Amino acid sequence: MEANAHGKNRVVTLREVAEAAGVSTSTVSRVLDDRVPPSRSATAERVRAVADQLGYRRNTFASSLRRGHTATIGVLVPRLSDTVMALMFEAIGRAAHRLGYFTVVATTGDDPADEQQAAQTLLGRNVDGLIIASSRREDPLPRHLREQGVPHALVLRTDGVSPSSIGDDEAGGYLATRHLIDLGHTDIAVLSGPLFTSTATGRLAGAMKAVREAGITLDPDWIIESGFGIESGEEAGRRLFASSTRPTAVFAANDNLALGVMAAAHQRSLSVGEDLALVGYNDIPLAQRLPVPLTSVRTPFDQIAATALDLLFSPAASSDPIRRALPTLIPRRSSGPHKSPN
């Protein structure tokens, strides 16, 4: 028998396999269905051999549509150039794979209009649900999805209503700032990130809780709202270090901001870990490999991803739609003790 005699790009049908194997199309469909344990009967072996010879490829998308689902999950992230979002997407992909699902990602640029369009595009491709890592605190998309009954879960960020799997950002902000206070620092700056995100507001709230407990008053000019990128951290660092009266410690609400602060400190000939204590957030892989390893608050991405899948498929099973995973402080050389002036 000549394999796929009509050209390698032509789609071979179940009917053609059935005719070549001398069985019914229903038998072929049953034998080639990878959702059931494979049969070892002589007929099944013959069907599989004929299918391979003809170059048959099962159209999983079409058969999924017939069953009413595609085993595909859409994931929205602000950008994949952000290491945290890339790590989050990979963790979601691993968790989905364990459940037999495939993930498709779309980027939104942190723009609500682009987010809405990306969501509609993914839903138009019949994904079984959406996981959203780009939500703003006042984002209309989760509300629209709730009204339409679309299965969805938010990760890392929350609007406070939709099913959400996030880190405990307030606890993490508290851990980071308490660490600096315990090292003897009182002149502390906080780079919060954009306050339209729950991550930024939570981490800032945790930092302020720590300074209040310690009876410390921060300079209002040292509490800086910024973007989440390295450039934002560098710009904020330049502002902080431009004067002779500068903070001795900085809590940056993500590691990219901390990297920017490191660059600004280097430009002012300040030694991180000696002249300046610095703590970041998320503990990206680069953090421990820097010339001065960065103290950071570790976010449990795999736990957050697994919980997001639980919330996506069983939202009613949880009495609390917003699930928080506890972060962990990872101390390294970047956060040195306060040094009194000579």
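**Entry 1: asparagine 282**

I began with asparagine 282, which lies in strand β9. The model I am reading is predicted. I looked up the backbone angle and found a positive phi of about 105° at asparagine 282, although this residue is not a glycine. Is asparagine 282 buried or exposed? Asparagine 282 has a relative accessible area of 4%, and because buried means under 20%, I noted it as buried.

I then looked at alanine 71, which also has a positive phi, of about 55°, and is not a glycine. Alanine 71 sits in the loop between α4 (60-67) and β1 (72-77).

**Entry 2: the sheet that holds β9**

I traced the strands next. In what order do the six strands of the mixed sheet stand? I read β7-β6-β8-β9-β10-β12, and the sheet is open. β7 (223-224) and β12 (328-330) are at the edges with a single partner strand each, so one side of each has no neighbour in the sheet.

I checked some of the pairings. β8 and β9 (residues 277-282) run parallel and are joined by three bridges. Phenylalanine 251 has valine 279 in β9 as its bridge partner. β6 and β8 are also parallel, with four bridges, and alanine 189 has valine 250 in β8 as its bridge partner. On β7, β6 pairs in the parallel sense over two bridges, with valine 190 opposite isoleucine 223.

I followed the chain from β6 through helix α9 (residues 198-213) to β7 and noted a right-handed β-α-β unit.

**Entry 3: side chains of β6**

Which residues point the same way from β6? Ile188 and Val190 point one way, Ala189 and Leu191 point the other way, and all are buried. The general rule I had in mind is that side chains in a regular strand alternate between the two faces of the sheet.

**Entry 4: helices on this sheet**

I looked for helices lying across the strands. Helix α8 (residues 169-182) lies across β6, β8, β9, β10 (295-298) and β12, and runs at about 165° to β9. α11 lies across β6, β8, β9 and β10, at about 155° to β9.

**Entry 5: nonpolar cores**

I looked up the largest nonpolar core, which has 27 residues. Leu191, Leu240, Phe241, Val250 and Leu278 have the most contacts inside it. β6 (188-191), α10 (230-241), β8 (249-252) and α11 (255-267) each supply at least two residues of this core. Which element gives the largest share? I found that α11 does, with seven residues.

Leaving aside neighbours within four places in sequence, phenylalanine 241 is in contact with Arg246, Val261, Ala264, Ala265, Arg268, Leu270 and Leu276. Apart from this core lies another, of 25 residues, with Met88, Ala91, Ala95 and Leu312 among them. As a general note, nonpolar side chains in soluble globular proteins tend to be buried together.

**Entry 6: the parallel sheet**

I turned to another open sheet of six strands, in the order β2-β1-β3-β4-β5-β11, with parallel pairing. The edge strands β2 and β11 (322-325) each pair on one side only. On average, neighbouring strands of this sheet are turned by 20° against each other, direction ignored.

Six bridges join β1 to β2 (residues 102-107) in parallel, and glycine 74 has valine 104 in β2 as its bridge partner. β1, helix α5 (residues 83-98) and β2 make a right-handed β-α-β unit. β3 (residues 129-132) and β4 run parallel with three bridges, and leucine 130 stands opposite histidine 152 in β4. Helix α7 (residues 140-148) packs on the sheet, touching β1, β3 and β4, and its direction makes about 155° with that of β4.

**Entry 7: arginine 157**

Last, I looked up arginine 157, in the loop between β4 (152-155) and β5 (164-167). Why do I call arginine 157 buried? Its relative accessible area is 3%, and the cut-off is under 20%.

What does arginine 157 touch? Not counting residues up to four places away in sequence, I listed Pro78, Met85, Asp110, Ala133, Ser134, Ser135, Ile166, Phe196, Thr197, Ser198 and Thr199. From serine 134, the backbone oxygen lies 3.4 Å from a polar atom of the arginine 157 side chain.

Technical notes. Residues are numbered from 1 along each chain as its sequence is written. This is a predicted model: local features need pLDDT of at least 70, side-chain atom pairs count only at pLDDT 80 or more; totals for chains, interfaces and linings use all residues. Side-chain values use heavy atoms; hydrogens and water are left out. Buried means under 20% relative accessible area, exposed over 50%, partly exposed in between (1.4 Å probe, protein chains only). A polar contact is a pair of N or O atoms within 3.5 Å; within protein, one must be able to donate a hydrogen and the other to accept it, and residues adjacent in sequence count only if both atoms are side-chain atoms. Contact means heavy atoms within 4.5 Å. A nonpolar core is a set of buried Ala, Val, Leu, Ile, Met, Phe, Trp, Tyr and Cys residues joined through side-chain atoms within 4.5 Å. Two strands pair if DSSP finds at least two bridges between them. Axes are lines fitted to C-alpha atoms, for helices over the stretch in contact, and angles run from 0 to 180 degrees between N-to-C directions. A crossover is right-handed if, with the strands pointing away from the viewer, the path from the first strand over the helix to the second runs clockwise.
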